[in-house]
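Please read them with the structure on screen.

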Amino acid sequence: MTQEWDPETYSEHARFVSDLGAPVADLLEPKTGERVLDIGCGDGALTERFRRAGCQVVAIDTSPEQVWAALERGLDARIIDATELAFDAEFDAVFSNAVLHWIPDVDLVIERVYSALRPGGRFVAEFGGAGCVASIRESFTAALGERGVDGASVDPWYFPTAEEYRARLEARGFSIDSLQLFPRPTPLPGDVSHWLEVFAQPFLGGVPADDRPALLQDVRSRLEPRIRNADGVWVVDYVRLRFAATRPAEA
Ligand code: BEZ
């Protein structure tokens, strides 16, 4: 089962993703007139910050529904997979928030971003790092295991350590300006079942459709003692990997 994004559901249950992405957008330090590529723009809520800063922005996403929502904001949004980027040295900066952990072809994306940047251009991004949503991964693995399904076979996420990702960027020739892995416990606006329905579709696809409500309930029960606090708020154990890197200027 592939992950799908519905702009309305996303806006209702996952607006915190773009709200909490503001610091990484600031890290890019957008300047008037710069050309910026936003990888995985979603509905374009964060992309708009670059446009407001006077940048010319190209926003890409694989979800037609999200691209449509971004177009409705008046953005130059396009349906393009990050592994199929074909830009050649035409951006001053490439940005991405909360997307790179969904793409298994890690080195290919780094390669395409490098090619899309002009020499001296910057790559600024944040995504899930080692240990991210461990409580959720472990709960799915246990619940699926009891159903005879190997959780790893449907796990969609890539959460690298800081050392691993630094090495991959450097191997392509990026120079690292900053790179940190840090915990960011994230309170949810509602019940964790909404989060699971929005973000964990590949795990739910591990069982037949008629078993999905029971799987969801099972995972929720396993999570409750771990990530629901005394006030009843669900606080997800996000870990972020945030970096700024530069394609070196040609000598
Ligand atoms: C994120 O947006 O950072 C995220 C989404 C799904 C799983 C883990 C992290």
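1. A charge counts as sitting over a ring if NZ of Lys or CZ of Arg is within 6 Å of the ring centre and within 35 degrees of the ring normal. Arg172 meets this rule: it lies over the face of Tyr114, at 3.9 Å from the ring centre. Note that the model is predicted.

2. Arg184 lies over the face of Tyr238, with 4.8 Å to the ring centre. Tyr238 is also part of a cluster linked by ring pairs.

3. On ring pairs, the count for the model is 15 aromatic pairs. Trp102 and Trp157 make an edge-to-face pair, with 5.9 Å centre to centre and 75° between the planes. This pair links distant parts of the chain, 55 residues apart. Trp102 is in the loop between strand 4 (91-97) and helix 6 (106-116), while Trp157 is in the loop between helix 7 (134-145) and helix 8 (162-172). Both Trp102 and Trp157 are buried.

4. Trp195 and Phe199 form a tilted pair: the centres are 4.8 Å apart and the planes make an angle of 40°. Both residues belong to helix 9 (residues 192-199), where they are four residues apart, about one turn of the helix. Trp195 is buried, and Phe199 is buried too.

5. Which residues do ring pairs link into a cluster? The cluster consists of Phe16, Trp102, Phe140, Trp157, Phe159, Trp195, Phe199, Phe203 and Tyr238.

Methods:
Residues are numbered from 1 along each chain as its sequence is written. This is a predicted model: local features need pLDDT of at least 70, side-chain atom pairs count only at pLDDT 80 or more; totals for chains, interfaces and linings use all residues. Side-chain values use heavy atoms; hydrogens and water are left out. Rings of Phe, Tyr and Trp (its six-membered ring) pair if their centres lie within 6.5 Å; planes under 30 degrees apart count as stacked, over 60 as edge-to-face and the rest as tilted. Helices (H or I, at least four residues) and strands (E, at least two) are DSSP runs, numbered from the N terminus. Buried means under 20% relative accessible area, exposed over 50%, partly exposed in between (1.4 Å probe, protein chains only).
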